[in-house]
Amino acid sequence: MKAQLLTMSTPDGPFTIIARDGAVLSSGWTAVPGELTGQIHADLLPAEFETVTGLGDISEAVEAFYAGDPEPAMGVPVLQKSGPFRSHAWDVLRTVAPGRPVTYTEYAELSGNAKAVRAAASACAFNAAALFVPCHRVIRTDGTLGGFRWGLAVKGSLLDREREVALATARP
């Protein structure tokens with residue numbers, strides 16, 4: 001299998017996407033593709049990569065996010081593979097509204113098991129498709145950011161950007 005590889009410039013630094021057949025396999029704020037391939041399930045790992053200059057709807061969704069519209073990223077197909085809870089939890093992340101982060105406890109509840117807070121946190125940690133599966137929208141109960149594979153500065157920037165959009169759309 002051959003996958004496409006694109007690195008885009010964003011206000012939060014380089015953002016690299018590995019995609020196949022119009023679906024994101026892995027993405028994150030790095031210019032080093034090797035930092036993304038380890039998150040791709042072995043059954044989905046491409047044998048070859050082709051560097052491209054655009055990925056159509058996928059790269060347009062990243063541009064829209066940074067232009068103030070986070071919604072298109074939620075419509076981008078994502079291809080990840082794991083067990084039933086984690087796969088479901090990733091789907092649930094895509095329903096968390098921008099500008100309205102949830103706690104790890106709330107995320108576990110939304111995912112169907114209020115006692116599975118560690119499993120919910122693990123779903124965030126093993127999410128390969130950053131931005132498209134918005135694990136940055138999950139925070140600690142005390143309101144602090146918690147962890148983020150791409151650094152707390154990027155997580156804070158993403159949440160600030162989404163908060164501004166939510167405030168702007170809520171104004172009469």
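Some conventions before I start. Residues are numbered from 1 along each chain as its sequence is written, and side-chain values use heavy atoms, with hydrogens and water left out. Because this is a predicted model, local features need pLDDT of at least 70 and side-chain atom pairs count only at pLDDT 80 or more, while totals for chains, interfaces and linings use all residues.

I begin with the sheet. Helices (H or I, at least four residues) and strands (E, at least two) are DSSP runs, numbered from the N terminus. Two strands pair if DSSP finds at least two bridges between them. There is an open sheet of 4 strands, in the order 3-2-1-4, and its pairing is mixed. Strand 3 and strand 4 (48-51) are the edge strands, each pairing on one side only. On average, neighbouring strands are turned by 30° against each other, direction ignored. Axes here are lines fitted to C-alpha atoms, for helices over the stretch in contact, and angles run from 0 to 180 degrees between N-to-C directions. Strand 1 and strand 2 run antiparallel and are joined by 7 bridges. In that pairing, S9 stands opposite P14 in strand 2. Helix 2 packs on the sheet and touches strand 1, strand 2 and strand 3, its direction making about 20° with that of strand 1. Contact means heavy atoms within 4.5 Å.

Next, the core. A nonpolar core is a set of buried Ala, Val, Leu, Ile, Met, Phe, Trp, Tyr and Cys residues joined through side-chain atoms within 4.5 Å. Buried means under 20% relative accessible area, exposed over 50%, and partly exposed in between (1.4 Å probe, protein chains only). The largest such core has 47 residues, and those touching the most other members are I17, W29, I58, V62, L93, Y107 and F132. Elements giving two or more residues to this core include strand 1 (2-10), helix 3 (84-93) and helix 4 (104-110). Helix 2 gives the largest share, 5 residues.

That brings me to the rings. Phe, Tyr and Trp rings (for Trp, the six-membered ring) pair if their centres lie within 6.5 Å; planes under 30 degrees apart count as stacked, over 60 as edge-to-face, and the rest as tilted. The structure holds 4 aromatic pairs. W29 and F148 have ring centres 6.1 Å apart and planes at 50°, so this pair is tilted. W29 lies in the loop between strand 3 (23-28) and helix 1 (34-37), and F148 in the loop between strand 6 (138-139) and helix 6 (152-170), so the pair ties together parts 119 residues apart in sequence. W29 is buried at 8% relative accessibility, and F148 is buried at 13%. F65 and Y66 form an edge-to-face pair, 5.2 Å centre to centre with 80° between the planes; both residues are buried. Ring pairs also link F15, W29, F132 and F148 into a cluster. Beyond four places in sequence, W29 touches residues including T10, D12, Y66, L131 and W150.

Finally, the backbone. Which non-glycine residue has a positive phi of about 80°? That is L131, in the loop between helix 5 (117-125) and strand 6. L131 is buried at 2% relative accessibility. D21 is not a glycine either and has a positive phi of about 50°. D21 lies in the loop between strand 2 (13-20) and strand 3, and at 72% relative accessibility counts as exposed.
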